[in-house]
Amino acid sequence: PCSTRRRHTRLLTQSRGLGDVYKRQGLILADLGADVIHIEPPTGDTTRRLKGFGVGYFPFFNRNKQSLAIDLKASEGKEIILKLVATADIVLENFGPGTIERLGYGYDALSKINPRLIYVSLKGFLPGPYEHRVAMDEVVQMMGGLAYMTGPPGQPLRAGSSIIDVTGGMFGAMGAITALYDRERTGKGTYIKGALFETTAFIMGQHMAYAALTDEPVPPMPARVSAWSVYKLFDTKDGEQIFIGIISEKHWQKFCEAFDRREWLEDERLQTNNKRIHERDWFLPEVDNLIKQFTKEEVIKICDTAGICFAPIARPEDLFDDPQLNQGDYGLLDTVFPDGQKTKVPRLPLQFGSYDLKKRNDPPATIGADTREVLESLGYDESKISELAQKKIVAIDPGGDCSGNGGRYGRTP
C-alpha cells in the first residue's frame with residue numbers, strides 16, 4: 001500500500017468489450033493504493049450497461065478508480081493518452097489479439113515514451129497455437145477442465161463465479177507488483193503477459209498430478225472419492241443443509257464426542273480415516289441419519305463448540321448480514337453504486353499491518369467523471385477541454401466531479 005506522504009503508483013487501464021479480467025487486476029491494485037485511471041470510450045464502458053448476471057460487474061470492480069472517457073482512435077485522443085503514459089507507472093490492457101498494437105498503444109510504442117513503464121497484457125492465451133483466439137472466462141473453464149471437474153458426470157458446469165477472470169487478475173497484479181520491485185533494481189520497465197487458459201491449467205494442476213500418479217481418468221468433483229471419510233453435505237431435521245468435514249483423527253474424536261457417538265471410537269472398522277473410507281457404504285448413511293436428528297442451528301452450535309469444520313449453505317445475498325463480514329475493520333465496505341444504490345460489498349481480503357485498505361471513492365457514477373481533472377493535470381485549460389468535449393474526443397461530467405474522489409487520483413486527503 002502507498003503512503004499518502006509519497007507519490008502513488010499510477011495505473012492506466014484500457015480495454016474494449018467486456019474485458020473483465022483487467023478490471024479485477026485494476027481493483028486489486030486500486031485497493032492497495034494505486035492511482036488507477038480507468039479509460040473508457042466516450043459512450044461508456046460496455047459493462048455499465050450489462051443486464052442479467054452482468055449487472056454487478058461495473059459497480060463492484062471499479063471502486064477506487066477514476067474515469068477518463070476518451071476516443072482512443074482520434075489523433076487528439078491519442079495525443080492525450082501518450083502524455084498520460086509518460087506519467088504512468090503501469091499500463092494494463094485487455095484488448096483482443098493484435099488490437100492494441102494496431103491502435104498504436106502496444107508495449108514497443110509506449111516503452112519508447114516511458115522506458116520505466118510496466119506494461120501488463122491480459123489475454124486469452126500465452127504464445128502458442130491458440131494465441132490468436134478470443135477467450136472468455138466460460139470458454140477457458142470448458143477447455144481447461146474446470147467445467148468438467150465442477151459438474152456431475154456428463155454435465156460440465158461453469159463455476160459459480162468468474163473465477164478465472166478473478167484469478168487471472170490476481171496473477172496480473174502479482175506480476176505488476178513484482179515488476180515495480182524489479183524496476184527499483186534495473187531502472188527499467190518490462191512487458192508482462194497473463195492468460196486465462198494458462199490460469200485455468202494452473203488451477204487444474206492438482207488434478208493433473210492426480211492423473212499422473214494414478215494413471216486413471218480423473219472423476220469430476222461430485223463423483224470423487226474424498227480424501228476424508230466425512231466430507232459432505234448433510235440434510236438436517238428442519239429441511240436445511242450443512243457441510244461437515246472431518247479432516248484429522250483429532251476432529252474425528254471431537255465429532256464422536258460432540259454428537260454422542262463414542263461407540264464409533266471403539267469400533268475397529270472406524271479407527272483411521274482410511275478405514276472409514278473403506279467402510280463408507282454403511283458408515284456414511286449412519287452419519288446421514290445422525291445429522292438428520294438435529295436442526296441446522298443445532299448442528300452449527302455443536303460443531304462450532306467442538307471445533308469441527310462445518311459450513312451452512314449460503315446464498316450471495318446472505319453475506320450482507322454475515323456477522324464475520326460486518327465486524328468492523330475488515331468487514332464489508334459501504335458503497336454507493338453509479339445508479340445511487342447504497343449497499344455493502346466485500347473489501348480486499350487482506351489484513352496488511354496498520355494499513356486500512358478502505359474504499360477511497362465509489363465507482364465513477366458518470367462516464368468521464370474525472371476526465372476534466374485528468375486533462376487539467378496534463379496542462380489542458382478549460383477552453384481546450386470544452387473543445388475536445390464538443391468534438392466528442394472526450395466525455396466530461398457536466399456536473400463536475402461526481403465520483404466522490406475528493407482528491408487527486410483517488411488519494412486519501
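What follows is a request about one stretch of the chain and a connected reply.

Trainee: Where does Lys 65 lie, and what does the side chain of Lys 65 reach?

Mentor: In this predicted model, Lys 65 belongs to strand β3, which covers residues 65-70. Lys 65 is buried, yet it has no salt bridge. The nearest side chain of opposite charge is that of Asp 45, at 7.7 Å, whereas a salt bridge requires a nitrogen-to-oxygen separation within 4 Å. The side chain of Lys 65 instead reaches a backbone atom, the oxygen of Phe 61, at 2.8 Å. Helix α2 comprises residues 57-61, and the loop between α2 and β3 contains Asn 64. Asn 64 counts as buried because its relative accessibility is 2%, below the 20% limit. The phi of Asn 64 is near 60°, a positive value in a residue other than glycine. Most residues other than glycine have a negative phi.

Lys 392 also has a positive phi, near 60°. Lys 392 lies in the loop between α17 (382-390) and β12 (394-395). Lys 392 is exposed, because its relative accessible area is 62% and the cut-off is over 50%.

A further site concerns negative charge. Asp 238, Glu 240, Glu 297 and Glu 298 form a negative surface patch. One of these, Glu 240, is placed in the loop joining β7 (230-235) to β8 (241-246). Glu 240 is partly exposed, with a relative accessible area of 38%, so it passes the 30% threshold for patch residues.

Key
Residues numbered from 1 in each chain as written. Predicted model: local features only at pLDDT ≥ 70, side-chain atom pairs only at ≥ 80, totals over all residues. Heavy atoms only, no water. Patch = residues over 30% accessible without salt bridge, like charges linked within 9 Å, V, L, I, M, F, W, Y side chains within 5 Å. Areas by Shrake-Rupley, 256 points an atom, 1.4 Å probe, with all protein chains shown as cover. Lys, Arg positive; Asp, Glu negative; His and termini not counted. Charge placed at Lys NZ, Arg CZ, Asp CG, Glu CD. Helix = DSSP H or I, 4+ residues; strand = E, 2+ residues; numbered from the N terminus. Buried < 20%, exposed > 50% of the residue type's maximum accessible area, 1.4 Å probe, protein only. Polar contact = N/O pair within 3.5 Å; in protein donor to acceptor, adjacent residues only side chain to side chain.
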